Amino acid sequence: MRRFSAEYLEHTRRGMWEDGRDALADLELSSRERVLDVGCGTGELTRVLAAETDADVLGVDADRELLSVAREESDGRTGYLAGDATRLPVDDDAVDLAACQALLINLPDPTAAVRELARVSGDLVAAVEPDNADVRVASTVDAEERLEREAREAYVDGVDTDVALGDRVRETFDAAGLVDVRTRRYVHEKRTEPPYAEAALWSAARKASGAGLADHRDELVAATSERAYDDLRGRWREMGREVVDAIGAAEYERVEYVPFDVTVGRVS
């Protein structure tokens, strides 16, 4: 399984549920008594599930460093446990909802993880998974849209898991023996506009330094070459400096459209 820093997860997951939680409707949270969030990372979804239900909510992740961050941010309504998504330290039928967010796209065998979620759940399994191949960016800095698309296409080709799983998650649910499987697509909009939040300034600085692109260096080189990556990084940093300048003039606006699919299925 691929590993991520706490900062990366905060950037990609936090804020996803701030504008509304309609996408969680099929999880039937009001009726839940015991909920498990698998691959919880720093606990973004875990805390949302706890806020939307009176159930006991437990997060599980293999990365102990991420779990330490999750525990620090816990309000006492969530618990956390170290464990692998394909070998969960949880008994059969221990919960009535086993869920995950952006987990399956990072696993070499997502069906194995879904089978494990189905083992520990006595009722429902749910997965919230993005389609990274279909992400779109609109920006007042023209080069940003073009370079984001170029980098994304190379990343999808170079990564060793299916990060564009999207609505094909239902195939893994079917293969795992779940029934009444259904999928709904939603689009999360990440907006950057004046006045700029601290996260926007941090993101712009990482563009200008090339650090954001460097997070995915291995995947980009695998899809292209060292030379092509260096060329892209140079153009990326130049674009980042344009973004920083536009922010300084309060003229920068950006919208990132991230499609994600919520798939649910019942244990037969």
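Helices (H or I, at least four residues) and strands (E, at least two) are DSSP runs, numbered from the N terminus. Hi everyone, with that in hand, let me show you this one. It is a predicted model: local features need pLDDT of at least 70, side-chain atom pairs count only at pLDDT 80 or more, and totals for chains, interfaces and linings use all residues. Residues are numbered from 1 along each chain as its sequence is written, and side-chain values use heavy atoms, with hydrogens and water left out.

Let's start with helix H7, residues 198–209. Taking 1.5 Å times one less than its number of residues, its twelve residues should span 16 Å, and the end C-alpha atoms are 17 Å apart, which agrees. Buried here (under 20% relative accessible area, 1.4 Å probe, protein chains only) are Ala200, Ser203, Ala204, Lys207 and Ala208. They cover an arc of only 140 degrees around the axis, so they sit on the same side of H7; that arc uses the directions from the helix axis to the C-beta atoms. After H7 comes Gly210, with a positive phi near 85 degrees.

Now, where is Ala94? You'll find Ala94 in the loop between strand S3 (78–82) and S4. At 25% relative accessibility, Ala94 counts as partly exposed, the class between buried and exposed, which is over 50%. Ala94 touches Arg34 and Val120 (heavy atoms within 4.5 Å), leaving aside residues up to four places away in sequence. Val258 is 164 residues from Ala94 in sequence, and their C-alpha atoms are 33 Å apart in space. Thanks, everyone!
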